[in-house]
Amino acid sequence: MTQLEKARKNIITPELQKVAEQEGLEANCLRQKVAKGTVVIPANPGHKNLLPKGIGAGLSTKVNANIGTSSDASTLDFELEKLATAIQAGADAVMDLSTGGDITAIRRKILERCTVPLGTVPVYQAAMKAIKERGAIVKMTTDDIFGAIEEQAMDGVDFITVHCGVTRHVLEILEKNPRVAGIVSRGGAFLAGWIKHNDQENPLYEQYDRLLEIAHRHDVALSLGDGLRPGCIEDATDAAQIAELMVLGSLVERARKAGVQVMVEGPGHLPLDHIEANVKLEKELCHGAPFYVLGPLGTDIAAGYDHITSAIGGAIAAMAGADFLCYVTPSEHLALPEIDDVKNGVIASRIAAHAADVIKGVKGAKEKDLAMSRARKKLDWETQKEFAIDPVQFEKVLKKAGSSVSTCTMCGEYCAMKVASQYVEQDQ
Ligand code: SF4
């Protein structure tokens, strides 16, 4: 039985119990959310050393970090270093998006060391196999795709992105409504190319029951990919994007009926005033399925700083109800991320997630800010460090500036906190 089926049968699994403790929720209350499908706990029994996490309504907003080799760059050791950096920086989940080198060996090594839920995009493996054996991505076979899914599920991957909504009908809508940036999802582009070249329906859509059977057998959560997500703000919330989302909504229902946990992925590039509407649409059309957003990026011109762009969009999305933020690093649109990029991306997304959690009323979120503010007022640097989102950076900057124990170098002896305490507040 999957986590979803056990929750429906009133079973409190050890994974659910752990998530309830992390969130400060009563286990039965969390069980009801899992049973309804508004919360997922991606926890493949094959993933050893996993600290499970819950994703969905009423829980703290989670952050994912993407790592993985590309065909042009990186090694296994470098990706393992990124994995450790992402977890250390507080990522709640990691996705291995490797497309270079021995993908299977890399994934297995990452999985071995990954203590948070691990996600993948199996169509990458199928596409790389097709290139190696038949010379082109469009020569992937249906068995290549389902073979990769099966292998990754058996290895212990906790959630997989599957672009089931890139259907022939959705691609026709895209053709009739041309875009500036076209298709920007890698998996989406692979499948769209395959559909066009082979003049056949997307196997992940046509044989969805086969996918559900594998996901059910290994309790792999499905993350229904947004292959038609907008890749620039001009393309945001267009006909193709919404047509795909409607398909995903129907697939959410079928997954739940099959006892498979499911969440839905979302944009992408969105002007700030589209973000809330996109979250509401997903929640409505996809029956309250957890929403996993990739950004969103509110402007297209900030390459080099897109961790900031994405944190702005992520905070607005999470405040509107998005449950899971995929980080964006300063390297986005430019290069494969370096170690520092991974850390900066995770921290930027965690700031967005926490700022939203304060508004969402997530248990303990606002209290952290209050504790920090009280410590700041008292010039209590040790307590401030404890509540800082990145205590390492906190200490580094504090020490670099050579601050005294009583004030920092920002205002030095004219510290407002100190002056106010000395002359103003003592009279109050
Ligand atoms: S010196 Fe200025 S910035 Fe630093 S703690 Fe005091 S008031 Fe704040």
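Predicted model: local features only at pLDDT ≥ 70, side-chain atom pairs only at ≥ 80, totals over all residues.

Biologist: Why is Asp155 called buried?

Modeller: Its relative accessible area is 18%, and buried means under 20%, so Asp155 counts as buried.

Biologist: What makes the pairing of the Asp155 and Arg107 side chains a polar contact?

Modeller: The distance is 2.8 Å, and the cut-off is a pair of N or O atoms within 3.5 Å. The side chains of Asp155 and Arg108 are also joined by a polar contact, at 3.0 Å. Setting aside residues up to four places away in sequence, Asp155 touches Gly46, Arg107, Arg108 and Leu111.

Biologist: Thanks! On to Phe78 in helix α4, residues 76-88. Why does Phe78 count as partly exposed?

Modeller: Phe78 has 23% relative accessibility.

Biologist: Which residues is Phe78 in contact with, leaving aside neighbours within four places in sequence?

Modeller: Those are Pro337, Glu338 and Ile339.

Biologist: And the ligand: which residues surround it?

Modeller: Leu379, Cys408, Met410, Cys411, Cys415, Ala416 and Met417 surround the ligand, which sits in the largest pocket.

Biologist: How do you know the class make-up of the shell around the ligand?

Modeller: Leu, Cys, Met and Ala count as nonpolar, so the shell has seven nonpolar, no polar and no charged residues.

Key:
Residues numbered from 1 in each chain as written. Heavy atoms only, no water. Near = heavy atom within 4 Å. 1 Å grid on protein atoms, 1.4 Å probe; cavity = no way out; pocket = protein on both sides within 12 Å on 5 of 7 lines; lining within 4 Å. Sits in = over half its atoms within 2 Å of the grid points. Buried < 20%, exposed > 50% of the residue type's maximum accessible area, 1.4 Å probe, protein only. Polar contact = N/O pair within 3.5 Å; in protein donor to acceptor, adjacent residues only side chain to side chain. Contact = heavy atoms within 4.5 Å. Helix = DSSP H or I, 4+ residues; strand = E, 2+ residues; numbered from the N terminus.
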